[in-house]
Amino acid sequence: MVTDWFTGDGDDFRLLGTRCSACASVFFPREDGHCRNPACGGGELAELPLSRRGRVWSYTDSRYRPPSPYVSDPELPWEPYALIAVELESERIVVLGQAVPGITVADLTVGMEVEVVPGVLGEDTETTWTTWHWRPTGVTA
Amino acid sequence: MTADVAVLGAGMHPWGKWGRGFVEYGTAAARAALADAGLEWRDIGSIVGADTVRGGYPGYVAGATFAKALGWQGARVASVYAACASGAQAVNAARAQILSGLADVVLVVGADAAPKGFFRPAGGERHDDPDWLRFRVLGATNPTYFGLYARRRMALYGDTPEDFAQVKVKNAALGALNPYARYRKRVSAEEVAASAVVADPLRLLDICATSDGGAALVLSSMEFARRRGAADPVRIRAVSTVTPRYPNTVLDLPDIATDSAATVTPPDETFRASIARAAYEEAGVGPEELSLAEVYDLSTALELQWYEDLRLCGEGEGAKLLREGATALGGRIPVNASGGLASFGEAVPAQAIAQVCELTWQLRGDAGDRQVAGARVGLTANQGLFGHGSAVLAVR
Ligand SMILES: [Zn+2]
């Protein structure tokens, strides 16, 4: 659904951003057109895998079914999921994502360490949409 | 400092779910503002509309739609879209015309009939639209972001859900006094606590609803106001419509990530704080001179954030200011004397204009039971999706 936002499997799974060759600014979701730093004369934007681990900036959940274009099966009861905003230390960027299934807000605190893992956003008979999830480190389920 | 423009008239259509079209709400508000100004529609040289989507029409309309409904009379026309800042940009466009001498008197109108439930992006597969992406990729609704801000405040400053609830208690008590508000019933902290969680830690009564509504203003040059016998009108002294500065490091609607601060030092104030500062600087007025403020309380927790962004108190002291009663009616600096979005709900193109209507009535001393005693200086603060600042500073 979104092209080249992440890559790899297992421990090699990474979010993919881009980095400006002139000012070293990092962008996620990837910026492939022009560097958005207003003080930068403009450089080449090269793909950059982001750090696997970061710290929880904040978190919440979604107790009501989000409207389309979020895809969910209206036949099934709504299962809330947690959303985590994670600060990556070396990039100094905050990236929002869903938590792995089974993690609720009760499992989270601001500042705790989480890592990015591959996940499934949704599926129908034809398509499985893959995505990234955040998972507290030390949780393997 | 720039010159003032006069607010000759203010008008609203009551907010709520009326099941009618936005043209009707806007036209009713416009007629009320014209009557308040003592002017005929034919006296108006220019109309500026804050845009909304017309059902069935693939785009945004406003100025000419209201002009047609009021009766074509050849006025200069403009329409502006800036999401929730549309109303402030409409006020700003009108003000620019007046100060440049293009128009003496301008009608500003915003109205909408909002859909029920969550706001959502327009249809289609739109991978280049951050608003579409956050729904499709994350299911991140607007309350998601309000929940993130609220939880962050709890972690950083020790705010509690009970503090958030007290914002609703305060605003509902004020909305009960406002005939234009949608919700006119007091709410208790227990009722907030008993309402369903929408986005942890926020509950249904912490989050503003969607509504129908309309608001309008008649603005003029000070010279025109004097000629019309308005010697001492409410005056708009500043309009802030700034963008953020790179790198914007607070995760903001509708974005999935912030700018990186790894190689460029972030500005020493947030986007929201810069919106207010721009208005203060343009007006030559400081926060200590404010009599009241109308802020964009999409959630109860966000109102506390605005206290700090408007520099009504220090960082992290919003809940303390609330607990002291400073922002209640009768306090040092009443906030959302209108009842705020908590009592009105969102009618996107109208809300920034409605904030200025409230300042106008307050600064005239016409706000009835919710009057802030001796109000002389008022500030509105608002924020439009996709990086639109919005603040209006008015004086009497
Ligand atoms: Zn650059």
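The zinc ion is held by four protein donors, A:C20 (SG), A:C23 (SG), A:C35 (SG) and A:C40 (SG), at 2.2 to 2.3 Å; a donor here is an N, O or S atom within 2.8 Å of the metal (3.2 Å for Na, K and Ca). This is a predicted model, with local features needing pLDDT of at least 70 and side-chain atom pairs pLDDT 80 or more, while totals for chains, interfaces and linings use all residues. Residues are numbered from 1 along each chain as its sequence is written, chains are lettered from A and ligands numbered from 1 in the order written, and side-chain values use heavy atoms, leaving out hydrogens and water.

Around the zinc ion, the 4 donor atoms subtend angles of 103 to 115°, so the arrangement is tetrahedral (four donors, all angles between 85 and 135 degrees). Along the chain the spacing reads C-x2-C-x11-C-x4-C.

| Residue | Relative accessibility |
|---|---|
| A:C23 | 18% |
| A:C40 | 16% |

On to the packing. The largest nonpolar core has 96 residues, and A:F28, A:W132, A:W134 and B:L310 have the most contacts inside it. A core here is a set of buried Ala, Val, Leu, Ile, Met, Phe, Trp, Tyr and Cys residues joined through side-chain atoms within 4.5 Å. Another core, of 38 residues, lies apart from it and includes B:V80 and B:L219.

Leaving aside neighbours within four places in sequence, A:F28 is in contact (heavy atoms within 4.5 Å) with residues including A:W5, A:W132 and B:I256.

Conventions: Four donors count as tetrahedral if all angles lie between 85 and 135 degrees; four count as square planar and six as octahedral if opposite donors are over 155 degrees apart and all others between 65 and 115; anything else is irregular. Buried means under 20% relative accessible area, exposed over 50%, partly exposed in between (1.4 Å probe, protein chains only).
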